[in-house]
Amino acid sequence: MATLYTAERCPYAARARIVLAEKGLSYDAVEIDLDDRPSWLYEKNPLGRVPVYEEDEGLVLPESSVIMEYLEERYPEPALWPADAAERALGRLWLERFDDRLGDAYYAARRGEPRALLDEKFAGLERALEALPYLSGREYGLADAGYVPWILRGLDRFGIELGPATADWLERLSERPAIAAEREVVAAL
Ligand SMILES: N[C@@H](CCC(=O)N[C@@H](CS)C(=O)NCC(=O)O)C(=O)O
């Protein structure tokens, strides 16, 4: 049995929760109080951050995108990267450029900085989703799982009105039990 050191309010941890759920994997979830982190967390991740994914066999893995990629390789079914190499590469680019395409603007708005930059990033997502049904291309995948935690949290926090393509995308995603479960986590925060 694996363990996920996690926090319900953490969107990075949500990435790992979503992928574990998509793969149908059981695990122990250890909820970390981010305002009073246990000192032993730093032994698992010197940065003291969640998520950390740990296996009984000894693997201790921080960093949400690394955890997602590991789970995808270790448990290939159901596949969460498209079969097409170019689509996979573009999906990985979404994850690689997350800070630029959404994260930095999200956290700036959370610090109370003007919303304009965040609105611009949502407009960028809308343009991408007008062109293709998923961030990872023609099929749902890790890029979508990698962005949706911030969309779910941003809707409530910033009262964002999604463009039609992004709203449709979110509706399609929400039909997936893994995303519906995360929506419930966010609703209960
Ligand atoms: N790059 C990390 C970021 C993880 C992260 O920032 N987690 C936050 C909670 S959402 C955290 O643990 N913050 C505590 C800190 O930064 O000291 C990842 O992708 O896993």
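Which residues are buried in α8? They are Ala-165, Thr-166, Trp-169, Leu-170, Leu-173 and Ser-174. Buried here means under 20% relative accessible area, with exposed over 50% and partly exposed in between, using a 1.4 Å probe and protein chains only.

Before going on, some housekeeping. This is a predicted model, in which local features need pLDDT of at least 70 and side-chain atom pairs count only at pLDDT 80 or more, while totals for chains, interfaces and linings use all residues. Residues are numbered from 1 along each chain as its sequence is written, and side-chain values use heavy atoms, with hydrogens and water left out. Helices (H or I, at least four residues) and strands (E, at least two) are DSSP runs, numbered from the N terminus.

Back to α8. Its buried residues are covered by elements including α6 (116-131), α7 (142-158) and α9. Let me take α9 in detail. Two packed helices are described by the angle between their axes and the distance between the axes. For α8 (residues 164-174) and α9 (residues 177-187), the angle is about 105 degrees and the axes are 7 Å apart. The axes are lines fitted to C-alpha atoms, for helices over the stretch in contact, and angles run from 0 to 180 degrees between N-to-C directions. Therefore α8 and α9 are roughly perpendicular to each other. The cut-offs are under 35 degrees for roughly parallel, over 145 for roughly antiparallel, 65 to 115 for roughly perpendicular, and oblique for the rest.

On the α8 side, the contact (heavy atoms within 4.5 Å) uses Leu-170, Leu-173 and Ser-174, and on the α9 side Ile-179, Ala-180 and Arg-183. One of these residues, Ser-174, touches Ile-179, Ala-180 and Arg-183, leaving aside residues up to four places away in sequence. The side chains of Ser-174 and Arg-183 are also joined by a polar contact of 2.8 Å. A polar contact is a pair of N or O atoms within 3.5 Å; within protein, one must be able to donate a hydrogen and the other to accept it, and residues adjacent in sequence count only if both atoms are side-chain atoms.

Next, Glu-22, which sits in helix α1. Is Glu-22 buried or exposed? Glu-22 counts as buried because its relative accessibility is 13%. Its side chain makes a polar contact of 2.7 Å with the side chain of Tyr-140. Not counting residues up to four places away in sequence, Glu-22 touches Pro-78, Leu-80, Tyr-140, Arg-176, Ala-178 and Ile-179. Pro-78 is in the loop between α3 and α4, and the peptide bond from Glu-77 to Pro-78 is cis, with omega near -10 degrees.

Last, the ligand. Which residues are around the ligand? Among them are Arg-49, Val-50, Pro-51, Glu-63 and Ser-64, where a residue is near a molecule or strand if one of its heavy atoms lies within 4 Å of it. An oxygen atom of the ligand is 2.9 Å from an N or O atom in the side chain of Arg-49, and an oxygen atom is 2.6 Å from such an atom in the side chain of Ser-64. A ligand nitrogen atom is 2.9 Å from a polar backbone atom of Val-50.

The peptide bond from Val-50 to Pro-51 is cis, with omega near 5 degrees. Glu-63, in the loop between β4 and α3, has a positive phi of about 75 degrees although it is not a glycine. Ser-64 is one of the buried residues of helix α3 (residues 64-74).
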